[in-house]
Amino acid sequence: MKEYNTAQIARDKKYMQICLELAKKGIGKVSPNPMVGCVIVKNNKIVGQGYHRYFGGAHAEIEALRRAKNKSKNATMYINLEPCVHWGKTPPCVPEIIKAGIKKVVIATKDPNPLVNGKGIRQLKVAGVKCKVETLEEEAKELNRAYIKFITKKMPYVILKSAMTLDGKIATSTGESKWITSKEARDYVHRLRSSIDAILVGVNTVLKDNPSLSIHGKGKNPKRIIIDPQLHIPLNAKIFNSTVETILITTKNIERKTNFYKKKKIRILSLPSKNGKIDFQQIMSKLAKMNIASVLIEGGGETNAYALEAGVVDEVMFFIAPKIIGGKNASTPVEGKGIVNINRAVKIKELKVHRYGRDILLCGHLG
């Protein structure tokens, strides 16, 4: 019996891993919905599989059931997130699973959405469908970390990304920063951008670098968010010269530029400031109400410092290039006032190290 259990656990992990790989195909396409993959197995063979392809499209379970057809009867379904029981843009999945005759459902993690959160599992059990939960649970939660925060906290998942030299500089004393990192690192960042809902920078980044904040053909362009309290960005800036949705966060009356912004389809968020700064908690709350579930901050030292001080950052990604710039006036990735006592330093946990070309990427979650 023990050998059978060990073998079954191994099989469950094998098929759940396939679910997770399928789910990843929805990266950058399904937000603010979760990424979900589904596999239907009968007699130890996959008879149907699917994934959530785009926001508003068929759920993974429905895709898999359609492919399996009548082979679903008495089969086992593997899915990385609890099946839904409520009407949204599509009908609920649980009734279709029951109707298809699935005898067992293996689920990586419960759906934290209050409209589901255990209700899907309960309905399946009431209908006589066996359920097993928590197979590769941590991996499943990591994949949908943005969705989980968005649905439970009503706030976007925030990644702070920066690129620096070995001596911790993001630009020279004259402001030059192209290019600190290698092409391989920059290509990865473009792919990263395509996986999130919005990129956020401060006005100084736009004034100094005049970036397009695009993904350069590596996928879908995210929304662009610029914090510009006094509306200093010139109207000929690159960010105004594309069809990508752009959001300006300001404290100013925009009447003098209204026609230009309307023509360019630029959205304005006018928020109050305190001591010349707009509160990041307020910014993120507003963005969440716009269904923006994930934000990549690519600002300069001041913007990064404000975000960290406000406690909105969930994850950091720091690229380190094997170069030395020097200069006490050269910019650093986190400026602001800083801390006085070391024990108040921002703690990073679950630190991971990756290599892109000649550069090193350090990433981790805030502890």
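Mentor: I will start with a helix, then turn to backbone angles and peptide bonds, and end with a residue in a strand.

This is a predicted model, in which local features need pLDDT of at least 70 and side-chain atom pairs count only at pLDDT 80 or more, while totals for chains, interfaces and linings use all residues. Residues are numbered from 1 along each chain as its sequence is written, and side-chain values use heavy atoms, with hydrogens and water left out.

The part to look at is helix H10, residues 280-289, where Phe280, Ile283, Met284, Leu287 and Ala288 are buried. These residues lie on the same side of H10, because they cover an arc of only 135 degrees around the axis, an arc being taken from the directions that run from the helix axis to the C-beta atoms. An α-helix has 3.6 residues a turn, so residues three or four places apart point the same way. Helices (H or I, at least four residues) and strands (E, at least two) are DSSP runs numbered from the N terminus, and buried means under 20% relative accessible area, exposed over 50% and partly exposed in between, with a 1.4 Å probe and protein chains only.

After H10 comes Asn291, whose phi is positive, near 65 degrees, and this angle leads us to two further residues. Asn43, which is not a glycine, has a positive phi of about 55 degrees; it sits in the loop between E1 and strand E2 (45-51), and it counts as exposed because its relative accessibility is 71%. Leu136, also not a glycine, has a positive phi of about 55 degrees and lies in the loop between strand E5 (130-133) and helix H5 (137-143), but Leu136 is buried, because its relative accessible area is 13%.

The bond from Ser31 to Pro32 is cis, with omega near 10 degrees, and Pro32 is placed in the loop between helix H1 (2-23) and strand E1 (37-42). Lys178 and Trp179 are joined by a cis peptide bond as well, with omega about -10 degrees, and Trp179 belongs to the loop between strand E6 (157-165) and helix H7 (183-194).

Finally, consider Thr246 in strand E9 (residues 246-250), which counts as buried because its relative accessible area is 1%. Leaving out residues up to four places away in sequence, Thr246 touches Arg224, Ile226, Ile239, Lys265, Ile266 and Arg267, where contact means heavy atoms within 4.5 Å.
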